[in-house]
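This briefing covers a ligand site and a domain interface. The sequence and structure come first.

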Amino acid sequence: MTAGNRATASTLNLEKIRSDFPILSQTVNGQSLVYLDNGATSQKPQSVIDAIVDYYTTTNSNVHRGVHTLSQRATDSYEGARTKIQRFINASDDKEIIFTRNTTEGINLVAYSYGRKNIGPGDDIIVSNMEHHSNIVPWQMLCEENGANLLVVPIDDTGSLVMDEYQKMLTPRTKLVSITHVSNALGTIQNAKQIVRMAHDIGSPVLLDGAQAVPHMPVDMQDLDCDFYVFSGHKLFGPTGIGVLYGKAEYLEAMPPFLGGGEMIKSVTFEKTIYNDLPYKFEGGTPDIAGAVGLGAAIDYVTNLGFDQITAHEEELLRYGTELLSCIDGVTIVGTAAHKAGILSFVMDKAHPHDIGTILDEQGIAIRTGHHCAQPVMHRFQIPATARASFAFYNNKEDIDALVKGIDRVIEVFS
Ligand SMILES: *Cc1c(COP(=O)(O)O)cnc(C)c1O
């Protein structure tokens, strides 16, 4: 990498950043907390916590309903968050941003609304072997209901998509490609633009599961050109309970509503209901207003740090961690693709992942162990589970040193 091309070393002020996250300064089991479970959920900076408290302290009211001052203020806050998200992912219009509860709900919305209308018997839906369960089960449910087929693009030993096989699966029967942007179990960063281009060549729309992408790298809807994109606020340093579905307006306009009720209608009589315009058509019921406000504050926080810095720092952590773990006898890293986000999945010859997790926890180190809601990935590598350390920008080399020391302790216990 040349200097003008990209930041080669991060200049993040980690001490300052870590002090912005109150939860990080506690001790767990008598040890300073080392939080390496960011793939499951991320911690929240004080500014996000403050934004939520401030919303309930000064603004709380229902949105889009009242003429009174608080209601207008709440609506402005909620819609302001939508605009922040639109800019954050470079969508061309804020009506293309639908608030959901999380990634899971976004995918289910598309399966229910787009899928039921446009996918039928004999049609194909393509996913990959490295999907999170929430990008498998909704499609299986749809296929069961309407007789469509679920095709699975294989992955190679490094955890990369086998693009030739993907190419072969794309036919006029393909009605949707739904693939993860970054794998939560392996860390693989997909060549998303190419995946989209290849599907568009045969006329199929593409949904990208961005749950593990948005915390680590900039994403640009107009550049990716995907038709749907989903992510969760809680993995992006925002609160739980709020997520985002991006959809191209042409698709969303043509899709029937998901949840019927208040907020999503223009007028209701017993004879006929006229649905509301985008994005409200897909936001039935009172939304998580405080959650949206909190997510807006989280986006402000990461934007302020800058993804050049975040990415450079996490690449450095990944390089450092990969190097150290590779040198430990009896440790095997699972997921070795050339392009990876800050996720280190590994197994040990002598210890089950669950035991690794327990022994690390005794030392105040939080990692995830299990199948990571991606059982087909585990089957692919013929392992029941992995231990997974996943990084965020607030992690530092000391966290990785602690992880290595913890693994040494696991080896001691099992030797
Ligand atoms: C976490 C995750 C999901 C599900 O997110 P929820 O917030 O639980 O809905 C889906 N896909 C990937 C890749 C994830 O990492």
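The model is predicted. The chain is assigned two stretches of structure, domain 1 (14-32 + 306-414) and domain 2 (49-303).

**Ligand surroundings**

- Thr 104 places a side-chain N or O atom 2.5 Å from an oxygen atom of the ligand.
- For Gln 212, the distance from a polar side-chain atom to a ligand oxygen is 2.6 Å.
- Ser 232 has an N or O atom in its side chain at 2.7 Å from an oxygen atom of the ligand.

**Domain layout**

- Domain 1 is made of two segments, 14-32 and 306-414, while domain 2 is given as 49-303.
- A distance of 28 Å separates the C-alpha centres of domain 1 and domain 2.

**Interface between the domains**

- Contact between the domains involves 33 residues of domain 1 and 32 residues of domain 2.
- About 2,600 Å² is buried between domain 1 and domain 2, and carbon and sulfur atoms give 61% of that area.
- The interface of domain 1 and domain 2 holds 18 residue pairs in polar contact, counting pairs with both residues at pLDDT 80 or more.
- One salt bridge is found across the interface of domain 1 and domain 2.
- Asp 157 and Arg 380 form a salt bridge through their side chains, with an N to O distance of 2.8 Å.

How values were computed:
Residues numbered from 1 in each chain as written. Predicted model: local features only at pLDDT ≥ 70, side-chain atom pairs only at ≥ 80, totals over all residues. Heavy atoms only, no water. Polar contact = N/O pair within 3.5 Å; in protein donor to acceptor, adjacent residues only side chain to side chain. Domains from an automatic or database assignment. Contact = heavy atoms within 4.5 Å. Buried area = accessible area lost by both parts, 1.4 Å probe. Salt bridge = Lys/Arg side-chain N within 4 Å of Asp/Glu carboxyl O.
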